[in-house]
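This report describes how two protein chains meet and then turns to selected places within one of them. Please keep the sequence and the structure at hand while reading.

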Amino acid sequence: MTTTLIGSPVNRVDGRKKVTGAAQYASEFVLGEMTHGVLVSSSAAGGKIRNIDTAEAKQAPGVLLVLTHKNAPHLGKMPNDMMAGGVAAEARPPLSDDQILHNGQYVAMVVAETLEQARYAASLVKVDYTKGERFAVAIEDAEDTRYKPGDFMGQPLTFERGHWKKEFEKADVRLDATYSTPTEHPCALEPHATIASWSDDTLTVYNATQWVKGDQTVLSAAFDLKPEKVHIICPFTGGMFGSKGATAAHTILAAAAARQLKRPVKCILTRPQVLTDVGHRSETIQRFQIGATRDGKITAMRHHVTTHTSLKEEFPEPASISSRMLYNIENYATEHDMVRLNVVKPSWMRAPGEMPGQYAQESALDELAYELAMDPVDLRRRNHATIDLTTNKPFSSNHLLECYDRGAERFGWSARNPLPRSMPDGNELIGWGMATATYPGYLMGAAVNVRLESDSSGVHATVSTAGTDVGTGMYTMLTLVTAEALGLPLERVTAKLGDSDLLQCAVAGGSNLTASTAPAATDACTEIKHELLKLAADAADGFTGAHKHANEFIFNNGRVAHRSDPARSIGYAELLSLNKHPFLEAQAQTKPIFGHNDEYSFHSSGAHFVEVRVTPAIGRVRVSRIVSVFDCGRILSAKTARSQFMGGIVFGIGAALMEELTYDRAHGQPVNADLAGYLVPVHADIPEMDISWIDEPDYNFNSIGCRGIGEIGITGVPAAIANAVYHATGKRVRDLPITPDKLLAT
Amino acid sequence: MHPFEYVEATDPAAAIHAAGEGAQSVFFAGGTTLIDLMKLDVMTPAKLVDVNHLPFSSIEEQPDGILIGANVRNSDLAHHATIREQYPVLSEALLAGASAQLRNMASTGGNLLQRTRCTYFRDINSACNKRQPGSGCDAITGVNRMHAILGTSDYCIATHPSDMCVALVALDAVIHTQMHNGTKRQIPITEFYLLPGETPERETVLNRAELITHVHLPANPMARRSHYLKVRDRASYEFALASAAVALETKGQTITRASVALGGVGTVPWRSKEAEAALTGKPAERVTFEAAADAALAPAKPQHHNAFKIELAKRTLVLALEELMARSF
Ligand SMILES: Cc1cc2nc3c(=O)[nH]c(=O)nc-3n(C[C@H](O)[C@H](O)[C@H](O)COP(=O)(O)OP(=O)(O)OC[C@H]3O[C@@H](n4cnc5c(N)ncnc54)[C@H](O)[C@@H]3O)c2cc1C
Ligand code: SF4
């Protein structure tokens, strides 16, 4: 088999659909008799609903239904756990009582003939609240609720190995520094949206989601239906970054209202609702205590983490997930504390844990490098780990050292004078910083169907699974992998995704979907090729016994040929015509791996090298250059892969310099809950990026050798920038984001 | 959003007449402020009078200056050759504002009357004297990092968010208006905005249904040597933490005339006569600029989260003057 497609930079197969508007997103489906639901959000951040007056709203033009806790239908108990196959965003069913847990919580849904009517009527719902005894929206206001959370994804968040304290106390060099990161929000471009519609006892839902099977599980539980009676459709998702993994209240309420009205209900969250009611990344406060020898060997590390969660539920942003394994530190301890705030339950956001954790750890390492007068890359090399000390298993494939080497080389790192403020340029100070990127290898499992058929237009294949393309390039990747495996041109393969009628597939999260689906697609293709050889063996001259010697044949451009004599070949169309059906179909699946198996620990890694230009007079920081090198196993689709890395790095620039969801501590509402107030990078903030990868397959992980790439890009970037800012200015900002006021103050 | 009536005005008199009927009528230009606030239920007009078809879309060069129609879009004004050459501070200020898409919609008249971005003003559940006189001011006790340090009162500390207006204040622009009986007024921009005082709901000297028709930029040789510098939390598409519009005239090393206005720090686009006095007659060098910055910010009053703006505004002004002096003319 000649490899031509895998690893090549093919264009997105759905690119044209996207730029011409032909790609349909959840809220764009047009159904007859559509109605529009608008949610009313609580202006109180705690307490109870004393009275809710819907009389005026009900009488407003076009209004069909007003749901509140007084008349909302009773819903079944919904699963709330990844492992249960679906996650309700919050365990408390929406509108189930008069309790207010956070500002913005939905207190009513108004459904009307048009969006404008629903929106106006929603403004007429009058709610009276009784104030709660206490409420808090900042960690420092909630110290009385401090507690230690349970395990996260089966792993303890507080543990010790070795004796960190003893080693720390006797260390030659000690560092004790505290870092903090603010509440952040994924802010996917497409707002969360649902269209729900019933016919008889079947529920069809067009949903902006990253997990159609998860939605199916949750909604079938909520409405007491068999899963096959719930059909979730989501051909395209306009970004999510974790925020569309759980089935949210608006989806459940749209389905409830549609059942009652016997008409489809469309509900799109407003941008403020997205920011207030869809789970964010918790703020973190992280204390690092590190002891080291003079020559840079880290002998002790303690990582203390404080994060927040909501009043009744738990989501611990697992910030120690990378400090516990990235470096070779035998005496290590981590502790995790949480407090309860009157906010929506925090949730997954791109690289949950690694993002804030790597900011703090990699900043601390930079500080340590200065203490030791050691090059920060050398310090990392000195503490490089070859086994994962949390599992005591070797890494299956680890090329981090090569990432450092190549990154340093491409960046020109050897020319760096470590002295802060050593690179002035006119009004500006230039600074160089670096940091390590890391992310586990997850594979959550998928079943993939491949069908090869022939009709008047020729031979073509369809690859399908229920997984979603959330903008990452799943369509392109599966098309490419299938075309490669079957020996067909790209345009002869179609991928079908985002439909719960298709085969079981995990959530598009944890950077796992390519690793889960690509090997399954390849395996299904192998089976089809075997069938093709069987057909050839039975029927075609010169192919006798072919299926017993599969290696002697090549599959190329829709034909099976002898490897020794490619001129002797036969077309798939001819072979399919010999089959009793005009098609061949096969299914294959992958089994879950959560970061490690019995033999290996699976991790991706990388290195970022960043240049910033700071105008010290006004505290302005601009990232002027980034070189990033990644080790993520084999890269299948070069162009969409590069976009994933790039998107992650852009996220990292946002986290470093501007992102922060700010709450009013007197009243509990976020004060910047829209895209003019919650800043994410714009084009002008983003420099050219030099992104490359090592491209060493990890066959211990799966048969195709690829690990995920969706999240690793963000990890380490904020630290590399903070470190570069220190190098430029001599100022260490230990609290993200690094804004002009902080640079002026320190 | 509340239901409303929509009227398209064909001539100025009809527009003024339509807007004069009923207390709840407003002019509608680019809509980038108005529709935004209507969606938030902050503005709930009963009638929109569309002024986009009125004949105020040209930029006319006259002997005594330039007459800009109220409907001229921010992007057209920013890229106009004469503006770029003779009033660079205005072009730079416009291009530092909002995004390309917004600038294509935003009108000159609308920009003058854009409302504050104060988060409590934009949230109908918060106490806000500007939105609802007498209800209080949640910003004073709340998150006020973006708020004003100059011209504030115990009733309101909201920042005037415009960039364009800061340049116009530095250029002594004059606002031309027309009223219901056909009377016309010419209002110097430095007298156009009202400090919040005890009535933050009153933002300008305009009467109800008074239509802005033009903005006049007086001929001003000094304006050729002018500059706008804006400091913000991201590189583009964000309001100012602090900004400075500066114009200088020098003779040898001595400053003979200066014009200084500040943005992002005042409850109105902030002209600093104090800074101008500190510059005039002095050598064009850093110590002079720093003295001017100290003078400009002397009356500043910080809130909980925005004390940094005092130092930042000073440095922004100094850097703006330095950058201007570094240019060749
Ligand atoms: C996300 C966002 C970011 C922004 N960023 C910036 C920024 O960085 N810098 C900046 O300077 N601005 C910024 N803006 C504000 C933008 O410049 C203003 O919204 C715009 O200039 C308003 O012009 P408009 O024509 O759209 O006004 P409209 O919204 O149509 O009207 C605004 C007000 O002016 C009144 N009005 C309009 N025309 C007339 C007239 N001829 N006579 C009398 N009254 C009239 C209307 O009744 C209304 O009250 C931003 C806006 C948004 C939404
Ligand atoms: S600062 Fe002004 S606009 Fe903001 S809440 Fe106070 S009164 Fe309202």
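With which residue does B:Arg122 form a salt bridge? The partner of B:Arg122 is A:Asp674, and their closest N and O atoms are 3.6 Å apart. The model described here is predicted.

## The interface between the chains

The salt bridge of B:Arg122 and A:Asp674 belongs to the interface of chain B and chain A, where two salt bridges are found. On the side of chain B that touches chain A, β9 (226-231) and α12 (308-326) each supply at least two residues. The largest share of this side, seven residues, comes from α12(B). Sorted by class, the side of chain B that touches chain A holds 15 charged, 12 nonpolar and seven polar residues.

The contact involves 31 residues from chain A and 34 residues from chain B. The size of an interface is often given as the accessible area lost when the parts come together. For chain B and chain A, the buried area is about 2600 Å², with 59% of it on carbon and sulfur atoms.

## A covered strand in chain A

Within chain A, strand β3 (residues 63-68) is mostly covered, as five of its six residues are buried. β3(A) is joined by five bridges to strand β6 (residues 106-112) of chain A, and the two strands run antiparallel. One position shows the pairing in detail: A:Thr68 has A:Ala108 as its bridge partner in β6(A).

A:His303 is located in strand β15 (residues 298-309) of chain A. Is A:His303 buried or exposed? Its relative accessible area is 0%, under the 20% cut-off, and therefore A:His303 counts as buried. The side chains of A:His303 and A:Ser323 are joined by a polar contact of 2.8 Å. When neighbours within four places in sequence are left aside, the residues in contact with A:His303 include A:Gln286, A:Phe288, A:Ser320, A:Ser323 and A:Tyr332.

A:Asn331 is placed in the loop between β15 and β16 (332-340) of chain A. With a relative accessible area of 15%, A:Asn331 is also buried. A polar atom of the side chain of A:Asn331 lies 2.8 Å from the backbone nitrogen of A:His163. Residues up to four places away in sequence not being counted, A:Asn331 touches several others, among them A:Arg161, A:His163, A:Trp164, A:Glu167 and A:Thr299.

## A partly exposed residue: A:Lys148

A:Lys148 lies in another loop of chain A, between β7 (126-130) and β8 (159-161). Its relative accessible area is 42%, so A:Lys148 is partly exposed. Which residues does A:Lys148 touch, not counting those up to four places away in sequence? They are A:Thr158, A:Glu335, A:His336 and A:Asp337.

Polar contacts join the side chain of A:Lys148 to those of two residues in this group. The contact with A:Asp337 is 2.5 Å, and the contact with A:Glu335 is 3.4 Å. A:Glu335 is also among the residues in contact with A:His303. Finally, A:Lys148 and A:Cys632 are 484 residues apart in sequence, and their C-alpha atoms are 33 Å apart in space.

Terms used: Residues are numbered from 1 along each chain as its sequence is written. Chains are lettered from A and ligands numbered from 1 in the order in which they are written. This is a predicted model: local features need pLDDT of at least 70, side-chain atom pairs count only at pLDDT 80 or more; totals for chains, interfaces and linings use all residues. Side-chain values use heavy atoms; hydrogens and water are left out. Contact means heavy atoms within 4.5 Å. Buried area is the accessible area (1.4 Å probe) that two parts lose on being put together, summed over both. A salt bridge is a side-chain nitrogen of Lys or Arg within 4 Å of a carboxyl oxygen of Asp or Glu. Helices (H or I, at least four residues) and strands (E, at least two) are DSSP runs, numbered from the N terminus. Ala, Val, Leu, Ile, Met, Phe, Trp, Tyr, Cys and Pro count as nonpolar, Asp, Glu, Lys and Arg as charged, and the others, Gly among them, as polar. Buried means under 20% relative accessible area, exposed over 50%, partly exposed in between (1.4 Å probe, protein chains only). Two strands pair if DSSP finds at least two bridges between them. A polar contact is a pair of N or O atoms within 3.5 Å; within protein, one must be able to donate a hydrogen and the other to accept it, and residues adjacent in sequence count only if both atoms are side-chain atoms.
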